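Hello,

I am passing on the structure we talked about, with some notes to read beside it. Have a look at it first, and then see what you make of the points below.

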Amino acid sequence: HSVDGKPIVCWTQGSGADTILIIASIHGDEPAGTPLVRRLADHLAGQPDLLAGRLVVIVPVANPDGYAKRIRHNSRGVDLNRNYPASNYANGNAHGAAPLSEPESVALNKLLTERRPSCILSFHQPLRAGQACIDYDGPGKSLADAMSAQCDLPVQRIGSRPGSLGSYAGITMKVPIITIELPKEATDWSPAELWNRYGRMLLAAIRYPQSLSKSVD
C-alpha cells in the first residue's frame, strides 16, 4: 500500500521463465502509461498464444497517491524514481531519507527480487513537448531498438539518474530496463489512440527477441 493506504495493484498474466515487468505512473503527473498498459492487459487476455512461456507482470499505477493528486512525488514529497539503492543514490529531501524509505519503492523492489524479470518497461512523460523517446539502462539497447522500430519514438540515451529505477535495475542489477517517454500530450489521448500508436511497440517487447509478425488488432 501507498503512504496514504491506497493499494498498489499488480496483475500477472501467463507463466514461464521469461518474466516481463511493466510499470506505469511512478510519477503521478505522468499518467499516460496507465491506460495503455490496461489496454495491453485486455489484449493479452484474448491472445493466450502471446503468453506461451512468458509471465507478464503489470503495475498500472506505481504511485497511487501521486496519480490521484496528479503530482510527481508521493504523499511525503519523495520522488519514487530516486529512492532505489543504486550505486549512484544521492541523499536529498526529494530522494527520501534513505534508499527504499517509501512503501511504494519497497513494493516494486519486492517484485524485482521475487520475480527476477528478464526485462523491465517503465512509462514516463517528458516535461516538454518534443522530448518523447525510448531510453534504456543496462544491457537494453537491442530491446530499445526493437521497440523503436514499431513506433515513432526514437532511441535516445538520457543518462542514469541518481537512485532511479533505471540505475538500480539496469546498472546495479544488470537487468535490461527500458524507459518509454511518451509524448506530453499523450495524457489527453484516448486508450484506443494510445494503443494504436504504441500497442505494436509493447507486443514487440513481449515477443522479444522474436520478430513481430502478428497484428495488434
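A residue counts as buried here when its relative accessible area is under 20%. Please keep in mind that this is a predicted model.

With that cut-off, let's start at strand β2, residues 18–23. Of its 6 residues, 5 are buried, so the strand is largely enclosed by the rest of the structure. The strand has two pairings to look at. With strand β3 (residues 54–59), β2 pairs in the parallel sense over 6 bridges, and D18 has R54 of β3 as its bridge partner. To get from β2 to β3 the chain passes through helix α1 (residues 33–45), and this β-α-β crossover is right-handed. With strand β4 (residues 119–124), β2 again pairs in the parallel sense, over 4 bridges; here I20 stands opposite C119.

Next, helix α3, residues 103–115. The buried residues of α3 are E104, S105, L108, N109, L111 and L112. Looking down the helix axis, you will find them within an arc of 150 degrees, so they line one face of α3. That spacing recalls a general point: an α-helix has 3.6 residues a turn, so residues three or four places apart point the same way. Among the elements that cover the buried residues of α3 are β2, β3 and β4, along with α2 (64–69) and α5 (165–172). Just after the helix, R116 takes a positive phi of about 50 degrees.

In the loop between α2 and α3 sits G96. Is G96 buried or exposed? Its relative accessible area is 9%, so G96 is buried. Beyond its neighbours within four places in sequence, G96 is in contact with V78, N83, Y89, S101 and E102. From R39, G96 is 57 residues away in sequence and 32 Å away in space, C-alpha to C-alpha.

Best wishes

Technical notes. Residues numbered from 1 in each chain as written. Predicted model: local features only at pLDDT ≥ 70, side-chain atom pairs only at ≥ 80, totals over all residues. Heavy atoms only, no water. Buried < 20%, exposed > 50% of the residue type's maximum accessible area, 1.4 Å probe, protein only. Pairing = 2+ DSSP bridges. Right-handed = clockwise from strand over helix to strand, strands pointing away. Expected span 1.5 Å × (residues − 1). Arc of directions from axis to C-beta. Contact = heavy atoms within 4.5 Å.
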